[in-house]
Structures are given as structure tokens and as C-alpha cells.
Amino acid sequence: MSGFHVAIAMDGNGRWATRRGLPRPAGHLEGARTVRRIVEAASELGVTTLTLFAFGSNNWKRPPDEVAGLMRLLEQYLHDDAWKLIERGARLTLIGRRDRLPPHLLASIARIEAASRDGDVHLRIAIDYSAREQIVQAAAECAANVLSLEDFGRRLAGGDEAEAVDLMIRTGGEKRLSDFLLWECAYAELFFTDVLWPDFTPEHLAEAVADFHRRDRRYGAVSQAAAG
């Protein structure tokens, strides 16, 4: 395949901490360590685009201390890990709203996006993200024009080529998309696991990818077996 897009809803950090008698921020910290392992493993499994759902628009409703801690973790990740990925040829971009993020964080994101623009493997981090909001905004911008599905998808992706998700993984046991990449997941294969995100390993990722490759992706057509 020319491109392989995997999206992951990283769920279960808070429950991981609670089950161990730890404060919720401890779960987010452990979850950040998992991100490092999974990003490295993804490229070895042939993933060309990896989109991670880090912070949804509804997450602003969480306790202020927890939100502040998540923002600090993101900034730390950008400072400690992003430049290493760029050196290895990765491209990093942020998807989601930017007007509610701290200015110093926006400055870091802008520098990283500019420096990694020509990278081959694409890591996208969804921050302050809502698929429904993105769709409404793109529809409003396109209201006066008749566009193709490809053009509309490009608006959703902020001007980038819209990349359909091949495999959507959600950790933590919940079986829903929770407003994540609704347009891009129109034909995605879904993989749900009870494993909490801090416990999610490269081996779990490999299992999900192997399951994906066993599936018969028909896109509305008849399967090859039935056609034969």
C-alpha cells in the first residue's frame, strides 16, 4: 500500500492511575512514555501517518489542574521528543483549534511544524480537537462553492491533503469514536482493546496491525472471494 494511516484514541490514563492509588496526572505521565514507544514502533510496522488523539475539545471540562498538567506534558514532549523525531525524518503537525492554547505552546508548535515540513513519516497530534467542529467550519468555508469530496477533506485537514484513516485503534475498553476523525474514518477498520493506554505496548500495536491486514476491505464492493 502506498500509505498506511493509523489513528489512536489514547484512552485510560486516569483509570490506570486510579487503579494504582495514584493521582490522575501520574497516569498522563505514564501515557506520555507510551507515546514514545508507540511512535517508534509504528514506523517499523509500515505506518506512514500516525494521528494521536491527545486532547479533545470537551476535555476543557476537566479539573483545571489536570488540564494544566496535560499542557505541560505536551510542551515537554515537544521539547524532549519532537526534535529527535525530526532528525530521523519525521514530520509533526497539530490538528485542532489553536486559539485556546497558551502562546508559548503555539510558538513551539509553529517552530516544529516549519522545521519538519519535508519529513516522510507524518505524526499528527490532535489537541483541542473536535471532528464535528472541524466539519462545521469546513462546511461554512465551502458554502458558496461546489467542491469535490477531496477538496472538502482538504479543508478539514487545514489545507493538507486529506488522508483517510486505514486503522482506528481505541484503548481503554470504550467502543466509540468520541468525535475523533469522523470524516477520515468513513472506511476505517476499527480495533477496540480493553488495554489501558499506559499499558499499551508495541506488541499490542503489532497485533492490531496484523488484525487489520487479515480483514477484507471492500469499500462497498463484493469481496474477491465472493466474486470468484
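**Exercise 1. In which helix is the place of D211, and is D211 buried or exposed?**

A word before you start: this is a predicted model, where local features need pLDDT of at least 70, side-chain atom pairs count only at pLDDT 80 or more, and totals for chains, interfaces and linings use all residues. Residues are numbered from 1 along each chain as its sequence is written, and side-chain values use heavy atoms, with hydrogens and water left out.

Step 1. Find the helix: D211 sits in α7, residues 202-214. Helices (H or I, at least four residues) and strands (E, at least two) are DSSP runs, numbered from the N terminus.

Step 2. Check the accessibility. D211 counts as buried because its relative accessibility is 19%. The cut-offs are: buried under 20% relative accessible area, exposed over 50%, partly exposed in between (1.4 Å probe, protein chains only).

Step 3. Look for something further along the chain. L190 is 21 residues from D211 in sequence, and their C-alpha atoms are 10.0 Å apart in space.

**Exercise 2. Find out which strands β1 is joined to by bridges, then follow the pairing onward.**

Step 1. Start with β1 itself, residues 5-9: 5 of its 5 residues are buried. H5, A7 and A9 lie on one side, V6 and I8 on the other, and both faces are covered.

Step 2. Go to the first partner. β1 and β2 run parallel, joined by 5 bridges; A9, for instance, has F53 as its bridge partner in β2. (Two strands pair if DSSP finds at least two bridges between them.)

Step 3. Now take β5, residues 167-170, which is parallel to β1 and joined to it by 4 bridges. Here V6 stands opposite L167, and I8 stands opposite I169.

Step 4. Look at how β5 points its residues. L167 and I169 go one way, M168 and R170 go the other, and all are buried.

Step 5. Carry on to β6, residues 189-192: 4 bridges join it to β5, again in parallel.

**Exercise 3. Which residues have the most contacts inside the largest nonpolar core?**

Step 1. The largest core has 42 residues, and I8, L50, L123, L167 and I169 have the most contacts inside it. The biggest share comes from α3, with 9 residues.

Step 2. Zoom in on I8. Skipping residues up to four places away in sequence, I8 touches I38, L50, T51, L52, F53, I169, F180 and W197. Contact means heavy atoms within 4.5 Å.

**Exercise 4. Describe the largest cavity and the largest pocket.**

Step 1. Sort out the words. On a 1 Å grid over the protein atoms alone, a cavity is a set of points where a 1.4 Å probe fits but cannot get out, while a pocket is an open set with protein on both sides within 12 Å along at least five of seven lines; lining residues have an atom within 4 Å of a point.

Step 2. Take the cavity. There is 1 cavity of 30 Å³ or more, and the largest has a volume of about 100 Å³. Among the residues lining it are L74, L92, I109 and E113. α3 (64-87), β3 (90-95), α4 (103-115) and β4 (121-129) each bring at least two residues to that lining.

Step 3. At least two lining residues come from each of α1, α2, β2, α3 and β4.

**Exercise 5. Where is S57 placed, and what is S57 in contact with?**

Step 1. S57 is in the loop between β2 and α3.

Step 2. S57 counts as buried because its relative accessibility is 11%.

Step 3. Beyond its neighbours within four places in sequence, S57 contacts R100, D128, Y129, S130 and E133.

Methods:
Points joined across faces, edges and corners; volume = space filled by probe spheres on them. Core = buried A, V, L, I, M, F, W, Y, C linked by side-chain atoms within 4.5 Å.
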